[in-house]
Amino acid sequence: MTMTTLLTDDTLRVEHAHGVSGPGAGARWAAAERVRVRSLLAEHGAVLLRGLGIRSAAEVAQYALALGITPMAERERFATRREYPDGGQSASEWPPDEQLCLHHELSYAAEVPSVLLFGCLTAPAAGGATVVADGAEVLRLLPPELAARFRAKGWQLTRNYREVGVSLYESFGTEDPQAIGAYCRAEAIGFEWLPDAVLRTRQRRAAVLTHPATGEEVWFNQAAFLNELTLDPMIRAYLTEVYGPDAMPFTTAYGDGTPIPPQDVAAVNEAYRLATRREPWQQGDLLLVDNLRTAHGREPYEGEREVAVVLGDPVRLPDHVLN
């Protein structure tokens, strides 16, 4: 069993696996190639493995184990996922005709996954690539004064949990106010209960981090994606009319609470656009992403698309939580 390089890029490496067939062959191949695959991930930030023929979420979980990835439970999710009966979960469910903006998974949490593993169970008829962008490149592409502002202030995420968006149970694994309060206090999240059992949370995090392995400074946040300006204007206007101007499911600000103006959101999205790399999915592909270094997103698509994901190797980063 061998690998052939199909694409070499500073951000995305594509390798074709040969000789992977028969029960258990994929996991054996991954275990044998673990050191090389993890080395390529450290070098490039994203590695796509082709020719594995993956067909179930259970197989994706087996590959995670073989590649030495420790799964983590997800808390504070912002989009719905489906739980698979044989283990694992779906990628975030997002309308097929909309772009899922580039982001670093759970960059607003105190504990974050350092590695993501995606397995393509069904490739879409058109579009739907899981795109990636290098966080160091994004930081270099930002206007220097904007990067300096985020570096100095960090960013702030405010969420309102009501019938719009994910439920308390989806985000925290419970609806018990005491358990949710205990979690928030432990994870440096400010919270308050509003009328009608609406939970409002607020957390401040660094927007730029030093990668623990490379020592390189990288852009690491979801300040543009989770800003209310990404919501459809009609939906935003409706929510404002019904619930008030401070009731968006999520929005972001600079770490000192200063609003992020539209031109700053646009500048971040432009840097992401310029740094984006893509490789169309083929059924059976496996994609590893260094979540601390590499942002990921999803393009609009047509037809059926099913991608299973494992969030793994959780870390708590020095200076990531800002008080």
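What share of the contacts in the protein chain with a separation of 6 or more comes from residues 24 or more positions apart? Please build up from there to the charged pairs.

Modeller: Residues 24 or more positions apart account for 80% of those contacts in the protein chain, a contact being a case of heavy atoms within 4.5 Å. Please keep in mind that this is a predicted model, in which local features need pLDDT of at least 70 and side-chain atom pairs count only at pLDDT 80 or more, while totals for chains, interfaces and linings use all residues. Residues are numbered from 1 along each chain as its sequence is written, and side-chain values use heavy atoms, with hydrogens and water left out.

The protein chain has nine helices and 19 strands, both being DSSP runs numbered from the N terminus (H or I of at least four residues for helices, E of at least two for strands). The C-alpha trace spans about 60 × 45 × 35 Å along its principal axes. Of the 323 residues, 53% are buried, where buried means under 20% relative accessible area, exposed means over 50%, and partly exposed lies in between (1.4 Å probe, protein chains only).

Now to the charges. The protein chain carries 30 positive and 43 negative side chains, and the centres of the two sets lie 3 Å apart; Lys and Arg count as positive and Asp and Glu as negative, without His or the chain ends, and each charge is placed at NZ of Lys, CZ of Arg, CG of Asp or CD of Glu. A salt bridge is a side-chain nitrogen of Lys or Arg within 4 Å of a carboxyl oxygen of Asp or Glu, and the structure holds 22 of them.

One of these joins Asp 9 to Arg 277, with the closest N and O atoms 3.1 Å apart. Because Asp 9 sits in the loop between strand E1 (2–7) and strand E2 (12–18), and Arg 277 in strand E15 (residues 276–277), this pair ties together parts that are 268 residues apart in sequence. Asp 9 counts as partly exposed, at 22% relative accessibility, and Arg 277 is likewise partly exposed at 22%.

Another salt bridge brings together the side chains of Arg 50 and Glu 279, at 2.9 Å from N to O. Arg 50 belongs to strand E3 (residues 46–50) and Glu 279 to the loop between E15 and strand E16 (286–290), so here the tie is between parts 229 residues apart in sequence. Arg 50 is buried, since its relative accessible area is 6%.

Asp 134 and Arg 293 also meet through their side chains in a salt bridge, at 2.8 Å from N to O. This pair links distant parts of the chain as well, 159 residues apart, with Asp 134 in strand E8 (residues 130–134) and Arg 293 in the loop between E16 and strand E17 (294–298). Asp 134 is buried, with a relative accessible area of 5%, and Arg 293 counts as buried at 10%.
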